[in-house]
Amino acid sequence: MKLTHLFCLLLICISCNRSKQPQTTISPNYESITKDTCVYYPIKDNKIAVDLKKPQQASIFDYFKHIELIPLETSNDVLIGKIGKFIEHQNRYYILDVPPGGQFIVYAFDATGKFIFKIDKRGKGPGEYTDLSDIIFNPFTGNIDLLNPWGFILSYDLSGNHVKTSTRVTNAELLVVHRLIALSEKMYVFLSERRQPFQVIYYDMEENKILHQEYEKNPVLQKYSHDPFYEYHGQWYFYDSFDNETYELGPNSLVKAYSWDFGKFTYDAKKMVFPNEDPKIVLHQFPYLMSVQGQNNRYVMAQIRLPDEERYANLIYDKSTQDCKYIGNFTESVEFRPLLVTNEYVLCRCYHGELDKYVNEEMLDETNRQKLEALMKVRGELNPVIIKYYFK
């Protein structure tokens with residue numbers, strides 16, 4: 001009997017290993033987000049169909065079993081004005097605070113929301129910066145990289161100490177950079193949201209030169225930007241608000257990964273004309289705008305903006321059933337913005353004053369209900385709250 005049980009267990013392990021997506025080889029510092037599951041589902045035909053005429057009913061708890069609130073510690077010296085970027089690494093949360101409202105400071109918090117340190121090096125001296133537009137964890141150096149939009153990358157270790165500042169990457173050909181991704185120790189991809197004919201720039205940091213540029217965008221639409229990158233299984237993806245295609249960041253250029261099919265509502269922004277640059281007029285020419293994307297082994301999660309209805313809606317594509325739900329409102333009547341999707345959980349963040357838009361008491365266990373009650377009693381200014389949704 002024991003031998004039979006051992007044989008069955010061996011078969012299950014072999015099956016799981018065969019079901020895994022092949023690993024992408026990158027830095028040894030990289031931590032796989034798929035370590036907690038063995039089943040991988042692809043996107044069928046690399047296409048996701050959405051019917052905007054048929055909103056579907058769904059509960060948050062159709063997907064998640066538990067919700068945790070993580071209030072970020074607040075003090076006179078730790079007060080976030082506006083979140084410009086939010087990243088997670090090794091159970092730490094890093095928040096880039098930006099104007100208006102913020103001051104170009106990076107705050108680091110532990111898994112419970114307790115403040116650890118901040119990077120506040122504004123100035124023009126060594127290791128200092130005038131302003132910041134992005135923050136990433138660099139898996140090839142193990143450092144936190146901060147991007148100055150005028151062309152410098154400032155690297156800090158995980159204790160907040162300055163390590164080095166790169167040579168300047170901007171020049172007459174590349175005027176300004178707003179986002180960055182490290183593809184290797186020397187290859188970076190920059191996103192330039194404005195004042196550039198091409199938005200995506202592949203850059204060799206050793207040679208200090210542009211290797212490739214692509215993704216031309218109508219100048220009228222360049223001012224409408226968001227964080228366009230997400231990572232899944234060691235692969236970086238790029239998407240744009242006005243594009244139905246999602247791309248992989250290939251080693252030398254963008255590669256089409258999958259597309260969104262909205263039927264008769266699908267549009268091609270490259271063919272559109274904008275005689276008037278008034279934001280209300282421009283945006284209302286679009287039936288939908290892509291706002292957020294992310295995926296794990298089973299789901300592709302996205303949020304779209306519906307300009308005519310002045311609201312957001314969620315798209316959740318189940319790769320195991322090849323079905324995409326268009327969710328106008330969850331049955332809990334709460335908002336859901338999946339900023340980071342892993343196989344174990346989804347992370348959202350909200351400002352303290354908006355917390356009741358995202359959760360209510362009925363959604364939480366006793367521990368988190370007490371957290372919510374304590375937060376709602378505070379009338380003063382508190383730092384944002386991270387909301388962690390654990391998958392079933």
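**Pocket and sheet**

Guide: Strand E14 gives the most to the lining of the second largest pocket, with three residues. The model is predicted: local features need pLDDT of at least 70 and side-chain atom pairs 80 or more, while totals for chains, interfaces and linings use all residues. Residues are numbered from 1 along each chain, and side-chain values use heavy atoms, without hydrogens and water.

Visitor: What makes a residue part of the lining of a pocket?

Guide: A lining residue has an atom within 4 Å of a pocket point; on a 1 Å grid over the protein atoms alone, a pocket is an open set with protein on both sides within 12 Å along at least five of seven lines, whereas a cavity is a set where a 1.4 Å probe fits but cannot get out. By that rule 18 residues line the second largest pocket, with Tyr215, Asp243, Tyr247, Asp268 and Lys270 among those nearest its centre.

Visitor: How many residues of the lining are charged?

Guide: Nine are charged, seven nonpolar and two polar. Asp, Glu, Lys and Arg count as charged.

Visitor: Why are E2 and E23 said to stand at the edges?

Guide: The open, antiparallel sheet has the order E2-E25-E24-E23. Strands E2 (64-71) and E23 (340-341) each have a single partner strand, so one side of each is left without a neighbour in the sheet.

Visitor: How do you know that E2 and E25 pair?

Guide: Pairing requires that DSSP finds at least two bridges between two strands (a strand being a DSSP run of E, at least two residues). Seven bridges join E2 to E25 (residues 385-391).

Definitions and conventions. Helix = DSSP H or I, 4+ residues; strand = E, 2+ residues; numbered from the N terminus.
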